[in-house]
Amino acid sequence: MSTPSGTVPPPPAAGDVAFVLVGTAMVFIMIPGLGYFYAGMARDKNALSLMLISILSLAIVLIQWFVIGYSLVFSTTGGPFLGNGQFAFLMGVGGDQTVAVTLPNLAFCIFQGMFAAITPALAVGAVAERFSLIPTCIFILVWTTLVYDPIAYWTWGANGWLNQLGALDFAGGTPVHMASGVSGLALALAVGKRRPSDDPPKPHSMSSVILGTALLWFGWFGFNGASALGANARAALAILDTNLAASAGALAWLVVDYIRDRRVSALGFCSGAVAGLVAITPACGFVGPAAALAFGVIAGVGCNWSSRWKHYLGYDDALDAWGMHGVGGIIGNFLTGVFAEKYWISLDGTTKPGGALSGNPMQIVWQLVSIGAAAAWAFVITYLIVKGMALLRLPLRISAEGEEDGIDHAQMGEHTFDYVGERISASIDYKRTMSQELQLVPLKKPAEVAPMPVASPVAVVPAVHAVVPAQMVAVVADPALEVENVGMSTAALVQHEPEVEGERMGP
Amino acid sequence: MSDVAAAAAPPPPAAGDVAWVLTGAALVFIMIPGLGYFYAGMARDKNALSLMLISLLSLAIVLLQWFVIGYSLAFSTTGGPFIGDGQYAFLMHVGADQAVALTLPNLAFCIFQCMFAAITPALAVGAVAERFSLIPTTLFMLIWTTIVYDPIAYWTWGANGWLNKLGVLDFAGGTPIEVCSGFAGLGLALAVGKRRPSDEPFKPHSMSSVILGTALLWFGWLGFNGASALAANARAALVVVNTNLAGAAGGLIWLLIDYVRDRRVSALGFCTGAVAGLVAITPACGFMGPAASIAVGFLAGVGCNYASRWKHALGFDDTLDAFSVHGIGGVIGLFFTGVFAEKYWIGLDGTDKPGGALSGHPMQIVYQMAAIGAGAAWSFTITYLIAFVMDKIGLSLRVSAEAEDDGIDHSQMGEYTFDYVGDRISSSVELKRISSQVSRDIQAAPLSGSTAA
């Protein structure tokens, strides 16, 4: 982002403001897009929780952004490490151009707010299928304040130390991708692996994954393009680079998968596209189109490899938050130092020395500094937050039973589709029933028993909710009941014991 | 909308302003299928496709009507206080001039506003989901947009419209879109009647669709509200900030209310609350600050949550909460605009209006209530009359009892959202036919030795 100094800036051009407001909407749509992307890659019993946590991340961070987040990241009167309360409650945030010289402060504020909003949702993907919703919401609120806001300030704040050092980050390789990826790793290590399961962890809906990828790629036009803060040639370069890197990444990953497995994998294509998009994010306003292709290929191959590390090293980064965003962010951040060129940077009049290709290899060192600082801060603080919450009896991890039943059933009572809900309710009831110890009781007749209404086969399979299992259990476990055949299915019990007192199990 | 006083000739349209409004038209467009998904996901699967289709039909019907007469009725500059005239019928004279909106070519303003008209009938129809008949409903939408939407839009935004002249503050459509569709929904629900009791519980068949719909609605709303500034400037930026904050506040508070009551984290609750917040901020977004927007979102989340229970208490079937979310949300938003509007925020693009109670002008609240009252009364009454008359002349909005049991998708469309839904419904419909046929055969057989051949 360019920041010329000295004279009074010209008033914002309508085209620049329009482009950034559109960019805001485009980064917005990446958030449910991420929800679909993640949900499709998980098992159906956990899918809705991933959709919900993405949009909850949006809502929580937007409010925090208003209260203090924007101020912590973008105040112009802060020190080198963190902003102050200058813009708390968005006081003083109006039509002036104090923060971004081409835009009213309000426009820059909401645009950046969307970047903050998507980042925690990225990290949470690492602990998919085992996070507990309410504690995770609290985690998101704490994390955005203690991890995202400082790192974003260092990178983009007027007095931020990485910014002053000269580290290059166009649209958020460090605060968004690296921070979320490394935090994902910390989360995965702190929360632990998923329990072993009969249900193999594999994508339940490639349709959702592709929809999510489409919305992410679409939104990235705004995420990267509007980070030029103006509708000009630099924005056009950013959009061109973004698309080239995505394509190259997708094809590279597809080729790697094909060579290894002899299958054309849609999941591979989508993952590779996202890896390319992640890697080009810090670089898109600094490198040329040919370099962007290189970013895509290197990220596609590199993230393909890094997303397999978890199998060898034994951590459960469920949806590859670290493998793609962490590693992809590091690759992109590093390669920016290599491929940045003065020529491309100056498309909108900005003057910076560029990277190795412009005879400034020292840039690589600044990039490494930003990688190291952000990774260290994100990892340590995230790990501490998780452990601290566990100490305060707010564990991020759901109970073992909740994990087996699926978060959607255990915490939400809703599912992505009605047939998913029916399947899960039925399988849970079956498990409960089978796990009850059917006790042999003495064969005595109960004194007075109301006749059991004739139960149709339909009544045995509960069409609705959690009330039914308790009733079914009551039928089996009451020792006063006459039980003829231990071990028979509940269906048989119901149909063969008309004197057994019980409750109707219909809808 | 900006109301820059223009004694001199306005400067030619800035490319950025036009780009923003044309993008806004596309953003409002995508809210229409988004609404289809939102509604379809909340209904049972046997009726889902009808809700997706009626949203698209609303778009198509209103687009044509807008060309013929709608734009003219809503925005002519030579009309009286209550309705436009034929000045722009068939979009005659609608060209590049800046006659209607000072910052835009007339064509741009026309297509942008058209999308607002196009989404509104589809909102209302949600109140009678799972029992409306498609062709009569399409006809209803054509009549309704002409005699309900167009007048109310004219009163609110027309150059000579009486609510506009009164000084009502309505940035992006609290009256013509939200209150109007919400109270129309109530009128429809009362005229058409409740759904028949059913073995299949009334619950959302696809939360995945509801979330997709919510996402597209919120996304589009950034254009719905933002581009209503008719320019890409600090006021538009304020509106985008306010819209997002209200949606977030509404979603979170509804989620919290549901959690306290049921101990469940409900995605449906979050989505409904977010939409309630977005509805309420629609009239308000260009007139107040970010803090007030959070308050409006919060108030809408609480108020609409409470209002969505009235139907159970009072016994009307506002199926998809068109009245409680859009109607009541619109009322909340319009009212609190009168409270929280401030000259400072209005002035971000040079507009000069007195603001509301917070700017020492509490009379604004009275003007807001005039808009609420007029919009609600006109919409409810005329909608009820249209539905009533259509029923009397044999074009009932309601499907037959059998069709309602089988589902609208099966009985009127022969298509379903997914093939497995169709398989399930076809076989259950056949099973019902066979078992009712069997019981007729059994009753017909005489109790003698011979059996019917």
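This is a predicted model: local features need pLDDT of at least 70, side-chain atom pairs count only at pLDDT 80 or more; totals for chains, interfaces and linings use all residues.
Over which residues of chain A does pLDDT stay under 50? Keep that in mind while you go through these notes.

1. **Confidence first.** For chain A, the average pLDDT is 88, and 85% of the residues score at least 70. The stretch asked about above is residues 453–507 of chain A, where pLDDT stays under 50. The model still has 64 contacts for that stretch beyond four places in sequence.

2. **The annotated domain.** An unreviewed UniProt entry marks residues 18–416 of chain A as "domain: Ammonium transporter AmtB-like". In the model, that span is 68% helix and 0% strand. Its end C-alpha atoms lie 36 Å apart.

3. Searching the whole structure, over all chains, turns up 0 disulfides. Take Cys284(A): the closest cysteine sulfur belongs to Cys303(A), and at 16 Å that is too far for a bond. Cys284(A) is also buried, with a relative accessible area of 0%. In chain B, Cys114(B) is in no disulfide either, with the sulfur of Cys110(B), its nearest, 6.5 Å away. A disulfide needs the two sulfur atoms within 2.5 Å. Cys114(B) counts as buried too, at 1% relative accessibility.

4. **Asp257 in chain A.** You'll find Asp257(A) in helix H8, which runs over residues 233–261 of chain A. Is Asp257(A) buried or exposed? With 9% relative accessibility, Asp257(A) counts as buried. Leaving out residues up to four places away in sequence, Asp257(A) touches Arg262(A), Arg263(A), Ser265(A), Gly268(A) and Asn304(A).

5. **Helix H9 of chain B.** This helix covers residues 267–284, 18 residues in total. From first C-alpha to last, H9(B) reaches 26 Å, close to the 26 Å expected at 1.5 Å a residue. Of its 18 residues, 17 are buried, so H9(B) is largely enclosed by the rest of the structure. Have a look at the N-terminal end as well: Ser266(B) caps H9(B) there, with a side-chain oxygen 3.3 Å from the backbone nitrogen of Leu268(B).

6. **Ala387 in chain B.** Ala387(B) sits in helix H14, residues 363–392 of chain B. Go 21 residues along the chain to Val366(B), and the two C-alpha atoms are separated by 31 Å. Ala387(B) counts as buried, at 5% relative accessibility. Which residues is Ala387(B) in contact with, leaving aside neighbours within four places in sequence? They are Leu188(B), Ala191(B) and Leu397(B).

Definitions and conventions. Residues are numbered from 1 along each chain as its sequence is written. Chains are lettered from A and ligands numbered from 1 in the order in which they are written. Side-chain values use heavy atoms; hydrogens and water are left out. UniProt positions are given in the numbering used here, feature names are shortened, and annotations may be inferred rather than shown by experiment. Helices (H or I, at least four residues) and strands (E, at least two) are DSSP runs, numbered from the N terminus. Buried means under 20% relative accessible area, exposed over 50%, partly exposed in between (1.4 Å probe, protein chains only). Contact means heavy atoms within 4.5 Å. pLDDT is the predictor's confidence in each residue, from 0 to 100. The expected span of a helix is 1.5 Å times one less than its number of residues. A polar contact is a pair of N or O atoms within 3.5 Å; within protein, one must be able to donate a hydrogen and the other to accept it, and residues adjacent in sequence count only if both atoms are side-chain atoms.
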